[in-house]
Amino acid sequence: TAIALDTIINQRDTGVKCIYVAIGQKAGQIASVRATLEEYGAMQHTVIVAAGASDPAGQQYIAPFTGCTIGEFFRDDGQDALIVYDDLTKHAWAYREISLLLRRPPGREAYPGDIFYLHSRLLERAARMSPDVGGGSLTALPVIETQEGDLTTYVPTNVISITDGQIYVEPDLFNAGNRPAVNVGLSVSRVGGDAQTQAMRAVSGGLRLELAQYREVAAFAQFGSDLDASTRRQLDRGERLMEILKQGQYEPQPVEDQVISIRCGTSGAADGLPIQDTSRFLTEVLEYMRSSHGDLVKVIAETGRLDDDDLEKLDGALTTFRKDHFLASDAATAPDEAD
C-alpha cells in the first residue's frame with residue numbers, strides 16, 4: 001500500500017488521474033490513506049472507491065469494477081489514468097462468500113473456478129489506446145496478499161499470470177529495515193528495460209546481479225567463516241547498495257536523483273564508506289550535482305538519456321565529490337570529534 005501511495009503522490013503535476021480502490025479494509029485504514037493523500041497534495045487528482053470490511057460482500061465484490069469504470073472514463077477521454085486495487089485477495093474472499101451463499105461448488109483452494117476469469121477480465125481493461133481513439137491509457141496496480149510468503153497459491157499465481165510482472169515485498173526485509181522491502185530475486189518485469197529510461201538502463205545494468213551475489217555471500221557470511229578479499233568486496237558493495245535503495249515513505253524521487261544515487265552504488269563511488277554515512281553521502285552528492293553540474297542533471301531530467309561522454313562526466317563528478325568534498329569535510333571535523 002505504501003508503494004502504491006508513493007506512486008499516486010508521484011503523479012502530482014503530471015496530469016495522470018489516479019483511482020484508489022480499497023477492498024475489505026478497516027474504515028480507519030481507509031481514512032488514513034485519504035489523510036496521507038491530502039497531506040501530500042494528491043487528492044486533487046485522486047478518486048477513492050471504498051468498500052470497507054464492514055460493508056456487504058456484494059459491495060466489496062463490485063468495488064474494483066466500479067473503480068475500473070471510472071478509470072475507463074478518463075482513458076476513453078484521451079487522458080492517462082492509474083488505478084490501484086488494494087487488494088484483490090480480499091476481493092476473491094468476497095466473491096467466494098457470495099458464491100457459497102449461491103450454492104456454487106468451490107474449486108481449487110475453495111475458490112470459485114471463475115475467479116481467474118473475473119480478475120483477468122478486470123485487469124485486461126488496463127491498456128494504451130491507439131491515437132485514432134484518443135490515445136488515452138489506464139495502468140493497473142493490483143495488490144495481492146500472500147500467506148507465509150507463498151507465491152504459488154491460487155490467487156497470486158492467477159494474478160501474476162495476467163500482469164506484466166510483479167513487485168514482491170518481503171516481511172523479513174521490512175523487519176530488517178530495508179524499506180521498501182522489495183525482494184529483487186522474486187520481483188520480475190516482463191517488459192524488462194523497455195519500461196526504463198536509457199539513463200536508468202545505463203547505470204543499473206549490473207545492479208540485479210550484484211544484489212543476487214550479495215544475498216548469496218551474505219548467507220555464508222552469517223556463519224562467521226573467513227572471507228577472501230573478493231568476497232569481502234562483494235559483501236561491502238551489496239551492503240551499500242541495499243542502503244542506497246532505501247527510501248523514505250511518501251518521498252518519491254525524480255528520475256535524475258534515482259540515476260545519480262544508483263550510479264553511486266554501481267560505480268563504486270560509495271564503496272568503503274561507513275554504512276551510517278551512506279545516507280548523508282547521497283544527500284550531499286545530490287546537492288553537489290545540482291549546484292556544480294546542473295547541466296548534466298538537466299540532461300538526465302529532460303532527455304532521460306546518458307551517452308558515454310555524459311556517463312564519464314557523471315563518474316568523474318562522483319569521484320571528485322568524494323575525494324575533494326565529502327571525505328575532506330570528514331577529515332576537517334575529525335580533530336574536533338577527538339577533542
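Helix H11 passes helix H13 in a right-handed crossing, where a crossing counts as right-handed if the near helix is turned clockwise from the far one by less than a right angle and as left-handed if anticlockwise. The contact is formed by Glu256, Val259 and Ile260 on the H11 side and by Val297, Ile300 and Ala301 on the H13 side, contact meaning heavy atoms within 4.5 Å. By class, this contact comprises five nonpolar, no polar and one charged residues, with Ala, Val, Leu, Ile, Met, Phe, Trp, Tyr, Cys and Pro taken as nonpolar, Asp, Glu, Lys and Arg as charged, and the others, Gly among them, as polar.

The model is predicted, and local features accordingly need pLDDT of at least 70, side-chain atom pairs count only at pLDDT 80 or more, and totals for chains, interfaces and linings use all residues. Residues are numbered from 1 along each chain as its sequence is written, and side-chain values use heavy atoms, with hydrogens and water left out. Helices (H or I, at least four residues) and strands (E, at least two) are DSSP runs numbered from the N terminus.

Two packed helices are described by the angle between their axes and the distance between the axes. For H11 (residues 255-266) and H13 (residues 294-303) the angle is about 120° and the axes are 8 Å apart, the axes being lines fitted to C-alpha atoms, for helices over the stretch in contact, with angles running from 0 to 180 degrees between N-to-C directions. H11 and H13 are therefore oblique to each other, since angles under 35 degrees count as roughly parallel, over 145 as roughly antiparallel, 65 to 115 as roughly perpendicular and the rest as oblique.

H11 also packs against helix H12 (residues 278-292), at an angle of about 125° and with the axes 10 Å apart, which makes H11 oblique to H12. This crossing of H11 with H12 is right-handed. Asp257, Ile260, Ser261 and Cys264 of H11 meet Phe281, Leu282, Val285, Leu286, Met289 and Arg290 of H12, a contact with seven nonpolar, one polar and two charged residues.

Elsewhere, the axes of helix H4 (residues 88-101) and helix H5 (residues 115-123) come within 11 Å and cross at roughly 135°, an arrangement that makes H4 oblique to H5. The crossing of H4 and H5 is right-handed. From H4, Leu88, His91, Ala92 and Tyr95 meet Ile115, Leu118, His119, Leu122 and Leu123 of H5, and the residues of this contact divide into seven nonpolar, two polar and no charged.

Most residues other than glycine have a negative phi, and most peptide bonds are trans. Glutamate 109, in the loop between H4 and H5, has a positive phi of about 55° although it is not a glycine. The peptide bond from aspartate 86 to aspartate 87 is cis, with omega near 0°, and aspartate 87 is found in the loop between strand E3 (80-86) and H4. A cis peptide bond also joins arginine 179 and proline 180, with omega about 0°; proline 180 lies in the loop between helix H7 (171-175) and strand E6 (188-189).
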